[in-house]
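Please keep the sequence and the structure in view while reading.

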Amino acid sequence: MQIRTLTTTALRLAKQSPPTASTKYLGRPSNNLSAGLVGLANVGKSTFFQAITKSSLGNPANYPYATIEPEKSIVQVPSRKLDHYQRIYKSQKKVPTNLTVWDIAGLTRNSSSGAGLGNKFLNDIRQVDGILQIIRGFMDDEIIHIEENKVDPVRDLVIVNDELILKDLEFIEVEMEKSTKNLKKPNQTHEARNLELLEKLSDCLYNGVKVINGVWTDEEIDYINGLNLLTAKPTVYLLNVSKSDYIAGTNQFWGRVQEWITTNSGNDKLIMFSAEYEHALITAEPQDKESIVPAVIQEMRDSLHLISFYTCGDIESRQWTLRKGSLAPDAAGLIHTDLQKTFINSIVYKWDDLAQLEVFDENKLKSMGKQYRNGKKYEVEDGDVLVIKAGSGKAR
């Protein structure tokens, strides 16, 4: 099966504006999403997994398939806003939110055809919501590269991209066969629409355009989400460089990798990191620069359209994860289902109004017009501090 290199027509398909802006996102409509570390074997995934989890989880061995079963870790999401809120509310403790991260075994060329346990590893990727793709950008003769032992990050990008696309095409072909059979049954007009969308998805992938870069209506997004396609997942690319390159902030492969991403998946982000440097941090060796892990976690959350709101008081300041575009009753439901069912309104304090405060003063904020009361249609914004008012005298 041959995937075309991105053409001008394909790029236009990926970038054109929809007739009406979609109000939905590709992916599970959940506030509890996960990310998977993906890439070829021996590119530094497990070493980075140890850094991101600050643990000895993962298996950073110098041979392919050192990791077979995916490793799971719950990673705390760093938040300077939570730190600030704990200070100004004088909370006894702070409770950060989390992101689930999986270390998934390395892919190989022809994984979509089952090579090197590839089908299992691709199915593992299907279970996560976002992809952290590790790309090798460091030279080290002692660490084997499975592709002719030659470091070429753009080649590696193409291999992984093609394997994800090929697996999605295989899945879509099966769905098309099902829809074609169902069309022979009476009252199956919806199957005709499904088949039309499946053909559109197939054309998109054959042109080298990942599903996440296509243009879809809300109705189409609902159907695509049910397919759980690999190329519908957002990707943050992590170029793994040497410790010296990371400290210097430069790498010989950066420009070519960024050019490939811009051409093939312009909405995805690229971050330079060093597994070697991060490993040194967790082994307590003093370093000149801070860890890049908080930035990676935040970029992944942004790609998953996740935001944070907060509930604060003298006992605790707590960070909650919410899907961008969610309304106040949805936020209330995360705290307690009863609050969502009996929701009346919410008092909202904005980050911009609280960021410079030394002490939280409710009366002063109210007198300054910086205490906002909103109803059920209020769309929660990142950084909001919420006080939920609900029926039966309940409030949180």
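## Loops, helices and packing

Lys-90 is found in the loop between α3 and β3 (93-95), where helices (H or I, at least four residues) and strands (E, at least two) are DSSP runs numbered from the N terminus. This is a predicted model, in which local features need pLDDT of at least 70 and side-chain atom pairs count only at pLDDT 80 or more, whereas totals for chains, interfaces and linings use all residues. Residues are numbered from 1 along each chain as its sequence is written, and side-chain values use heavy atoms, with hydrogens and water left out.

The phi of Lys-90 is near 55°, a positive value in a residue other than glycine. Most residues other than glycine have a negative phi. His-305, in the loop between α11 and β8 (306-312), likewise has a positive phi, near 60°. For the accessibility of such residues, buried means under 20% relative accessible area, exposed over 50%, and partly exposed in between (1.4 Å probe, protein chains only).

| Residue | Relative accessible area | Class |
|---|---|---|
| Ile-88 | 2% | buried |
| Ser-79 | 13% | buried |
| His-305 | 26% | partly exposed |
| Lys-90 | 58% | exposed |

Ile-88 has its place in helix α3 (residues 80-89). Leaving aside neighbours within four places in sequence, Ile-88 is in contact (heavy atoms within 4.5 Å) with Leu-354, Leu-357, Glu-358, Val-359 and Phe-360. Ile-88 and Cys-312 are 224 residues apart in sequence, yet their C-alpha atoms are 9.6 Å apart in space. Ser-79 lies in the loop between β2 (71-76) and α3, and, when residues up to four places away in sequence are not counted, Ser-79 touches Tyr-310 and Gln-319.

Over the protein as a whole, the secondary structure comes to 15 helices and twelve strands, and 50% of the 396 residues are buried. Among contacts between residues at least 6 apart in sequence, 71% join residues at least 24 apart.

How do the helices pack? Axes here are lines fitted to C-alpha atoms, for helices over the stretch in contact, and angles run from 0 to 180 degrees between N-to-C directions. Helix α5 (residues 153-182) packs with helix α6 (residues 189-206) at an angle of about 160°, their axes being 9 Å apart. α5 is therefore roughly antiparallel to α6, a term for angles over 145 degrees, while those under 35 count as roughly parallel, 65 to 115 as roughly perpendicular and the rest as oblique. Residues that make the contact include Ile-165, Leu-169 and Ile-172 of α5 and Leu-195, Leu-198 and Leu-205 of α6.

α5 also packs with helix α9 (residues 254-264), at an angle of about 30° and with the axes 9 Å apart, so that α5 and α9 are roughly parallel to each other. Here Pro-153, Val-154, Leu-157, Val-158 and Asn-161 in α5 meet Arg-256, Val-257 and Trp-260 in α9.

In helix α10 (residues 275-282), the residues Ala-275, Tyr-277, Glu-278 and Ala-280 are buried. What covers the buried residues of α10 includes α2 (45-53), β6 (235-240), α8 (243-248), β7 (269-273) and α11 (293-303).
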